[in-house]
Amino acid sequence: MNAKKMKFKKVENYIAGKFNYSGNKVIDVISPLNGRPVSSVGLSSASDVDKAVVAAQKAFVSWSALSIKERAKKLYPYKVLLENHMEDLAKQIREENGKTIEEARGEVGKSIDMVRYACSLPHIVRGKFIREEDGTEYRVERRPLGVVASIIPFNFPFLLPHYSFVNAITLGNCFILKPSKQVPMSPANIALLLKEAGIPDGVFNIVNGDKEVVDALCDHPQIEAVSFIGSSKVARYVYRRATSAYKRCLALGGSKNHIIVMPDAQPKYAAENISKSMCECAGQRCLAPSVLIAVGNCKKVIELVKVNAAKFIPGKNLGPVISSDAKNRIVKFIGDAEKAGAKIILDGRKGMDRIEGNYIGPTIIDKVLPVMEIAKEEVFGPVLSIIHVDDVESAIKIVNGSSYGNASSVFTQNSFIAGQVLENVDTAMTGVNICIPSQNSLYSFGGSKQSKFGACDITGESSIELWTRLKKTYINFQKD
Ligand code: NAD
């Protein structure tokens, strides 16, 4: 492919404040909107990771010597740049990821929220101090780890780096990002704006690539911690590899989120919330509802979910999925469920071959059984399975039978039932009358079971534990 014909220039690594490409293998960045290449990216090697580590180590000396207040202050201009460039950033997110422009703007908006939280860290990260009776002073404070790295997936190319880097660098670390090779342009925009904002060279670096880079980040003796977001299979692998190299690791994996609908759920409200959450970002969200568990008679809610979901029109207010492979995988899931006896009540496969891009319409599959593949595996598309049960205990059992533990919700007007679900479901994030039970940078984000390997969460206060170590000091100023 001739790079000159591409809409955007080739994406390069960002190391020590400079964009430079090294490595021989260059791949195209394909837009899911039309299947055409819009840019290209080089796949780096372990030696590029070495270079990034050297740059980050060098920057760490002066960056970690700044006070946390000074570091937070250096992010203020970056936040302003994000606000000023929201439209351009959103357009590029859409080009490479396919999501609608409103969804892409939302991604930038949430990133700004993450920066705002990082700027508040000086108020949160306070040390502890106590003086003993004999005059000994005991002090505990948080210190940065050194060089840390994050590996991210394709679905939020701009937001997910902000889940980790803003807190990690504000806490004094220097950072290496490994973006998804499917969507490397948005992470490069982060580097451009950090540079413009005056963040010192080497504090934030990007190494593009795939498995070789991931392995090198996990193995590198000078990288102190690795965070990962992606599928459970790779999360497991990264967690095992990084921890066997004796480093901290937090690896967030895939999900299978259940929505329990009780017969007393408010039909209009529940249906709007569920259909929107299943269709936004074409269902490619780790919090998207995937299985609706209808307890007793929920006919009205199901009918309205179908009506509302049908209003998401591919190419208008519903974006494509990331690749033709992803589309084929989703289509196969639907076909297999049908063969296994489930009933397709809204078929997103219809007419999709006639439009350009990796589109698949909203799909609702009724009469799914818990043993079916579609009920157990992550689909990651705008597809909702419906399982029918007689009571809330059976619904909770299905939620807890999943190997994933990211999120679940219950729609009911009965506070006793809501309490029963909250108390008994084994998911790390749970909502009552809300499908996406995590909205805010202030709170910790992270799942359980196969959805998260390692301690801590990736955002909020829990991330402070991830990105720092405790320094304990005992001082005795007593005289003879
Ligand atoms: P993925 O696991 O394929 O890729 C994630 C990252 O790992 C990418 O940077 C990729 O280059 C790298 N990678 C892929 N295969 C690898 C291998 N064999 N060895 C080493 N590295 C490898 O995930 P994806 O398809 O990019 O993203 C979708 C997945 O991410 C879904 O499972 C979704 O649930 C998950 N996700 C989870 C969360 C969460 O918070 N739990 C958030 C967003 C996305």
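**Entry 1: a pair in helix H4**

I began with Arg-116 and Asp-113, which sit 3 residues apart in helix H4 (residues 101–119) and are therefore separated by about one helical turn. Helices here are DSSP runs of H or I with at least four residues, strands are E runs of at least two, and both are numbered from the N terminus. The side chains of Arg-116 and Asp-113 form a salt bridge, with 3.2 Å from N to O. For a salt bridge I needed a side-chain nitrogen of Lys or Arg within 4 Å of a carboxyl oxygen of Asp or Glu.

Is Asp-113 buried or exposed? Asp-113 has 18% relative accessibility and counts as buried, while Arg-116 at 44% counts as partly exposed. The cut-offs are under 20% relative accessible area for buried, over 50% for exposed, and partly exposed in between, with a 1.4 Å probe and protein chains only. I also noted a network in which salt bridges with shared partners join Lys-211, Asp-215, Asp-219 and Arg-241.

**Entry 2: notes on the model**

This is a predicted model, in which local features need pLDDT of at least 70 and side-chain atom pairs count only at pLDDT 80 or more, while totals for chains, interfaces and linings use all residues. Residues are numbered from 1 along each chain as its sequence is written, and side-chain values use heavy atoms, with hydrogens and water left out.

**Entry 3: Ser-111**

I stayed in helix H4, where Ser-111 is also found. Ser-111 counts as buried, at 0% relative accessibility. Which residues does Ser-111 touch, not counting those up to four places away in sequence? I listed Leu-82, Phe-158, Leu-159 and His-162; contact means heavy atoms within 4.5 Å.

**Entry 4**

Glu-83 forms a salt bridge with Lys-79, and their closest N and O atoms are 2.9 Å apart. Both residues lie in helix H2 (residues 68–84), 4 residues apart, about one turn of the helix. Glu-83 is partly exposed at 36% relative accessibility.

I then looked up Glu-356 and Arg-36, whose side chains meet in a salt bridge at 2.8 Å, N to O. Why does this pair tie together parts 320 residues apart in sequence? Glu-356 lies in the loop between strand E14 (343–346) and strand E15 (363–366), and Arg-36 in the loop between strand E3 (25–30) and strand E4 (37–43), so the bridge links those parts. Glu-356 is partly exposed, with a relative accessible area of 47%, and Arg-36 is partly exposed too, at 44%. A search of the whole structure finds 27 salt bridges.

**Entry 5: Ala-375**

Ala-375 is in helix H13 (residues 373–376) and counts as buried at 7% relative accessibility. Leaving aside neighbours within four places in sequence, I found Ala-375 in contact with Lys-256, Val-291, Val-368, Leu-369, Pro-370 and Ile-387. From Ala-375 to Asp-325 I noted 50 residues in sequence and 21 Å in space, C-alpha to C-alpha.

**Entry 6: the whole chain**

The chain has 16 helices and 22 strands. The radius of gyration is 23 Å, close to the 23 Å of the globule rule for 480 residues, so the chain is as compact as a globular protein of that length. That radius is taken over C-alpha atoms, and the rule is 2.2 Å times the number of residues to the power 0.38. Buried residues make up 57% of the 480 residues. Of the contacts between residues at least 6 apart in sequence, 74% join residues at least 24 apart.
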